[in-house]
Amino acid sequence: GAFADVLGFFPGALVSGQMYHFRLEVKSPQGVGWSEITAKILQAPVGGIFDVVPRSGFAADTEFVLSAVGWVDDPENFPLRYQFSYILDAAGPVYDNSEVPMGVTNELRYNIRMPNIKQPQQQTLMLLSVDNFYDCRAQRSIVVDLFEAPDRAASQVVIKAMIENMVATQDFEKTIELNVVMSSLLLPPSVTPGRRQTIESLGDNDEMRAFLLTSLHSSMEKVVMLQNETFMMANAVQSVASDKINTTSQKAAGGVA
């Protein structure tokens, strides 16, 4: 049939792995001109399994293990790249930054602790994207039940020690990830008098925020960030710094950003 100068197809209209032959004819009073091309529709990775263990746990405290097993593709499409990510509130509104990446890796397994939540329980969506050399992508998702951290003060002690270890071992992505978790455990400095005792039991939030910003700065000095790592860093800084913290921390955040 006759078309404009651009031919497009709806997603799924062409079958992956199949060869298609296209012919273009241009007619004029002087005759007919034509050109042909044969193209193979590349196939995304297939056959794999995505799993999350456990399927429920506590924010900040439970270490979820995400795994990708059995993904295959044509040898010419290797290597495969795996990206794990999550949407903290699966039932909430979806924004451009709702999906939080955990980094691109060649590994088939990833351990993560989730940020604290603002309600006793909610569902969190864990995601896996598998890309081949030509950026053909397969995606899977699993919903887990996430419960609010039962003891924020105890969780802070554990996460702070983990951050110090990640900075010492120069594990950039884990430092970012744990900064987001720790930030979620900090209550805003501006609180009602009735919550003063709770705040005192959690320690000096502003001091902890300064520690987090320093750890981010130390990690950032040792790496050249890729695109998705830049997003991860921006998300971490935003989670630590806000207009509710004092001037000292705001200046420190400006130095990191």
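**Entry 1: a surface patch**

L42, F133 and Y134 make a nonpolar surface patch of about 290 Å². I note here that the model is predicted. I placed Y134 in the loop between β9 and β10. Is Y134 buried, partly exposed or exposed? Its relative accessibility is 42%, so I logged Y134 as partly exposed.

**Entry 2: the whole chain**

I counted 6 helices and 10 strands in the protein chain. The chain has 257 residues, and buried ones make up 39% of them.

**Entry 3: the cores**

I turned to the inside. In soluble globular proteins, nonpolar side chains tend to be buried together. Which residues touch the most other members of the largest nonpolar core? I found L66 and M126, in a core of 27 residues. The elements that give two or more residues to this core are β3 (49-53), β5 (63-69), β6 (81-87), β7 (99-105), β8 (109-113), β9 (121-131) and β10 (137-147). Of these, β10 gives the most, with 4 residues.

I then listed the neighbours of L66, leaving out residues up to four places away in sequence. L66 touches F50, D51, V52, F84, M102, L108, R109, Y110, I112 and M126.

**Entry 4: ring pairs**

How many aromatic pairs are there? I count 6 aromatic pairs. I looked at F9 and F22 in detail. Their ring centres are 5.9 Å apart and their planes stand at 55°, so I logged this pair as tilted. The pair links distant parts of the chain. F9 is in the segment before β1 (19-28), F22 is in strand β1, and the two are 13 residues apart. F9 is partly exposed, with a relative accessible area of 43%. F22 is also partly exposed, at 24%.

I went back to the patch residues F133 and Y134. They form an edge-to-face aromatic pair, 5.1 Å centre to centre with 90° between the planes.

**Entry 5: salt bridges**

I moved on to charges. The structure holds 9 salt bridges. I looked up three of them, and a network.

The side chains of R55 and D51 meet at 2.9 Å, N to O. R55 is partly exposed at 45% relative accessibility. D51 is partly exposed as well, with a relative accessible area of 27%.

E148 forms a salt bridge with R152, and their closest N and O atoms are 3.8 Å apart. E148 counts as partly exposed, at 28% relative accessibility.

E164 pairs with K160, with the closest N and O atoms 2.9 Å apart. How are these two placed along the chain? They are 4 residues apart in helix α1 (residues 152-168), so about one helical turn separates E164 and K160. E164 is partly exposed at 40% relative accessibility, and K160 is partly exposed at 28%.

The network comes next. Salt bridges that share partners join R23, E25 and E36 into one network.

**Entry 6: a buried leucine**

Is L212 buried or exposed? Its relative accessible area is 0%, so I logged L212 as buried. I also checked L212 against E164. The two are 48 residues apart in sequence and 9.7 Å apart in space, C-alpha to C-alpha. L212 is buried, whereas E164 is partly exposed.

Definitions and conventions
Residues numbered from 1 in each chain as written. Predicted model: local features only at pLDDT ≥ 70, side-chain atom pairs only at ≥ 80, totals over all residues. Heavy atoms only, no water. Core = buried A, V, L, I, M, F, W, Y, C linked by side-chain atoms within 4.5 Å. Buried < 20%, exposed > 50% of the residue type's maximum accessible area, 1.4 Å probe, protein only. Contact = heavy atoms within 4.5 Å. Patch = residues over 30% accessible without salt bridge, like charges linked within 9 Å, V, L, I, M, F, W, Y side chains within 5 Å. Areas by Shrake-Rupley, 256 points an atom, 1.4 Å probe, with all protein chains shown as cover. Salt bridge = Lys/Arg side-chain N within 4 Å of Asp/Glu carboxyl O. Phe/Tyr/Trp six-rings, centres within 6.5 Å; stacked < 30°, edge-to-face > 60°.
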